[in-house]
Amino acid sequence: MADIAFLLLIFFLVTTTMDVDTGISRKLPEKQDPNIEPPKLKEKNVFVVTVNRNNDILVNGDTYMQVTELRERVIKFIDNGAGLGNSIDGAEPAECTWCEGEKDPNSSDHPNKAIISLESDRGTSYGTYIAVQNELVGAYSVLRNRLSNKLYGRSFDELAKESDKDPKNESLKAKVEDIKKKYPQIISEAEPFK
Amino acid sequence: MPGISTASLPDIVFMLLFFFMVSTVMRETELKIKLKLPFATEVQKLERKSLVSYIYVGKVGDQTGDKIQLNDRIADVSDVKYFVFAERESHPEDEVPLLTTSIKADIESSVGTITDIKEELRNVDALKINYSTRKGDIQGNLKK
């Protein structure tokens with residue numbers, strides 16, 4: 001008896017794959033009508049990251065950078081808060097009161113105006129592309145966690161996880177949404193240059 | 001001193017057997033491409049696997065250029081939309097907006113191929129995507 005069970009056990013042991021799928025989730029922009037002009041953006045509100053075919057990273061068209069330096073620069077850019085943001089829920093445009101940045105007038109106005117544009121070449125390696133994406137998402141999660149720790153004494157990751165487990169808890173959900181609204185993830189993946 | 005009684009051995013083995021039988025997921029598609037996922041630290045778990053469809057990108061054997069694998073065969077970029085339609089067909093209507101496409105691309109594939117796929121997905125309004133990654137240090141992504 002035990003022999004047969006062992007045999008079956010070994011079969012299932014060998015065939016089992018217990019991989020959990022993980023990844024970076026992203027929502028693609030909807031297809032735009034080509035006749036509609038894209039909205040004009042102030043240059044200071046856009047942080048352009050360009051990755052060329054040699055996998056070099058160029059920021060705002062003038063500074064070469066290592067992947068490891070990227071996160072800090074992005075955080076500085078998003079968290080700058082020099083001016084008024086877009087109106088939230090129909091309220092008057094207001095300053096970013098939760099930002100801790102330098103309020104440099106030459107950098108972004110408000111987290112909900114700050115746009116990160118990721119340009120890449122067709123020949124860029126996927127590994128580098130993901131590394132850059134990872135740093136961009138990482139910058140946002142650092143900021144969200146910081147804000148969440150300050151407001152609710154817990155990290156945003158924890159809040160989001162708990163809210164996922166308990167979808168009926170409205171106050172928790174409101175907290176998560178609030179933080180998401182205060183640091184919205186605006187990453188634009190431009191079409192690569194040919 | 002008497003030896004350890006092995007009378008309960010079958011019970012233990014059966015228990016393990018049932019555990020593995022229940023937790024086993026048989027691999028549905030056979031990979032034809034070489035796949036080494038890139039690393040990332042800011043990863044999220046993909047919930048509800050039944051709503052996720054996979055597009056694989058990588059090299060076949062020693063051939064140059066990236067190939068796209070849908071289900072069990074190598075396909076062209078233009079087939080992606082039919083793949084999405086088929087995927088929608090097989091789910092009830094209320095689940096269609098929740099469908100996610102997971103792009104499992106090799107670490108060495110080029111961004112151009114991925115962009116072509118993303119463009120196709122945008123054309124058919126399959127906007128929820130996920131770049132599949134392994135958890136790990138991003139330094140592993142960079143070529144030495």
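Predicted model: local features only at pLDDT ≥ 70, side-chain atom pairs only at ≥ 80, totals over all residues.
Residues are numbered from 1 along each chain as its sequence is written, with chains lettered from A and ligands numbered from 1 in the order in which they are written. Chain A holds 5 helices and 6 strands, and these follow one another from the N terminus as α-β-β-β-β-α-β-α-α-α-β. Helices (H or I, at least four residues) and strands (E, at least two) are DSSP runs, numbered from the N terminus. The C-alpha trace of chain A spans about 75 × 45 × 35 Å along its principal axes. Its radius of gyration is 22 Å, whereas a compact globule of 194 residues would have one near 16 Å. That radius is taken over C-alpha atoms, and the globule rule is 2.2 Å times the number of residues to the power 0.38.

**Chain B has 3 helices and 8 strands.** Starting at the N terminus, you can follow the elements of chain B as α-β-β-β-β-β-α-β-α-β-β. The C-alpha atoms of chain B fill a box of roughly 75 × 45 × 30 Å along the principal axes. For its 144 residues a compact globule would have a radius of gyration near 15 Å, but chain B has 20 Å. Of the contacts in chain B with a separation of 6 or more, 76% are between residues 24 or more positions apart. Buried residues make up 31% of chain B. A residue is buried if 20 or more other C-beta atoms lie within 10 Å of its own, exposed if 12 or fewer, and partly exposed in between, with C-beta atoms placed from the backbone.

**Chains A and B meet through 43 residues of chain A and 48 residues of chain B.** On the chain A side, α1, β1 (22–27) and α3 each supply at least two residues. The biggest share comes from α3(A), with 11 residues. This side of chain A divides into 19 nonpolar, 17 polar and 7 charged residues. Ala, Val, Leu, Ile, Met, Phe, Trp, Tyr, Cys and Pro count as nonpolar, Asp, Glu, Lys and Arg as charged, and the others, Gly among them, as polar.

**Helix α1 of chain A (residues 2–15) packs with helix α1 of chain B (residues 9–23), their axes crossing at roughly 25° and coming within 9 Å.** That angle makes α1(A) roughly parallel to α1(B). Angles under 35 degrees count as roughly parallel, over 145 as roughly antiparallel, 65 to 115 as roughly perpendicular and the rest as oblique. Axes are lines fitted to C-alpha atoms, for helices over the stretch in contact, and angles run from 0 to 180 degrees between N-to-C directions. The crossing of α1(A) and α1(B) is left-handed, meaning that the near helix is turned anticlockwise from the far one by less than a right angle; clockwise would be right-handed. Look for F6(A) and F12(A) among the residues of α1(A), and F14(B) and F20(B) among those of α1(B) that they meet. The residues of this contact are 15 nonpolar, no polar and no charged.

**Within chain A, helices α2 (residues 67–78) and α3 (residues 126–152) pack at about 40°, with axes 9 Å apart.** This makes α2(A) oblique to α3(A). Their crossing is right-handed. Contact residues include R71(A) and V74(A) of α2(A), and E135(A) and G138(A) of α3(A). In total, the contact comprises 11 nonpolar, 1 polar and 2 charged residues.

N55(A) sits in the loop between β2 (46–51) and β3 (57–59) of chain A and is buried, with 20 other C-beta atoms within 10 Å.

**L172(A) lies in helix α5 (residues 170–182) of chain A.** L172(A) is partly exposed, with 18 other C-beta atoms within 10 Å. Leaving aside residues up to four places away in sequence, L172(A) touches L159(A), E162(A), S163(A) and D166(A).

Notes:
Contact = placed C-beta atoms within 7 Å.
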